[in-house]
Amino acid sequence: DQSRLASADGRLAAAIEAKELALAAAAKAKQALALAEAKIEKLEGKLDSRRKDVQTLEEQVEELQAKLDKKRSQAEKLQDSNKKLAKLQALAKSADVSISP
């Protein structure tokens with residue numbers, strides 16, 4: 001009887017120790033999970049900030065592209081005007097030459 005009681009006490013002590021180890025491991029895991037969740041939240045905040053930055057830059061690119069397209073159009077119009085002016089000057093010269101005595 002004594003040996004069975006001692007054996008039961010030993011098993012109970014081992015079970016209590018295993019329970020305490022499991023509780024300590026669970027507490028560590030819970031703490032690690034909380035730290036990981038905090039890190040995830042921080043990184044998600046940074047990611048959102050970067051997304052906003054990218055969106056702002058994309059909007060600026062669109063605005064600048066529109067300005068560039070407008071400037072290119074103006075440059076093409078000026079080139080066309082210069083060509084027409086050159087033709088008119090050439091015609092004027094040839095008219096002066098043909099009118100001269």
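View 1. With a relative accessibility of 64%, Q2 counts as exposed (buried means under 20% relative accessible area, exposed over 50%, and partly exposed in between, with a 1.4 Å probe and protein chains only). Q2 lies in helix α1 (helices are DSSP runs of H or I with at least four residues, strands are runs of E with at least two, and both are numbered from the N terminus). From Q2 to E63 there are 61 residues in sequence and 90 Å in space, C-alpha to C-alpha. A note for all views: this is a predicted model, in which local features need pLDDT of at least 70 and side-chain atom pairs count only at pLDDT 80 or more, while totals for chains, interfaces and linings use all residues. Residues are numbered from 1 along each chain as its sequence is written, and side-chain values use heavy atoms, with hydrogens and water left out.

**View 2. The whole protein comes to 1 helix and 0 strands.** Along its principal axes, the C-alpha trace spans about 150 × 15 × 10 Å. The radius of gyration is 43 Å, whereas a compact globule of 101 residues would have a value near 13 Å (the radius is taken over C-alpha atoms, and the globule rule is 2.2 Å times the number of residues to the power 0.38). Of the 101 residues, 0% count as buried. The accessible surface comes to about 9600 Å², and 60% of it belongs to carbon and sulfur atoms (areas come from the Shrake-Rupley method with a 1.4 Å probe, and for residues only the protein chains shown count as cover).

View 3. K28 is found in helix α1 and, at 61% relative accessibility, counts as exposed. K28 and K87 are 59 residues apart in sequence, and their C-alpha atoms are 87 Å apart in space.

**View 4. K39, K42, K46 and R50 form a positive patch on the surface.** Patches are made of residues with over 30% relative accessible area and no salt bridge, with like charges joined within 9 Å and nonpolar side chains (Val, Leu, Ile, Met, Phe, Trp, Tyr) within 5 Å. One member, R50, is found in helix α1 and is exposed, with a relative accessible area of 53%. Lys and Arg count as positive and Asp and Glu as negative, while His and the chain ends are not counted; the place of a charge is NZ of Lys, CZ of Arg, CG of Asp or CD of Glu.

**View 5. R51 and D48 form a salt bridge.** A search of the whole structure finds 1 salt bridge (a side-chain nitrogen of Lys or Arg within 4 Å of a carboxyl oxygen of Asp or Glu). Here the closest N and O atoms are 3.6 Å apart. R51 and D48 are separated by about one helical turn, because they are 3 residues apart in helix α1. R51 is exposed at 52% relative accessible area, and D48 is partly exposed at 39%.

**View 6. E58, E59, E62 and E63 make up a negative surface patch.** E59 has its place in helix α1, which covers residues 2–99, and counts as partly exposed at 41% relative accessibility. For the protein as a whole, the mean positions of the 20 positive and 17 negative charges are 7 Å apart.
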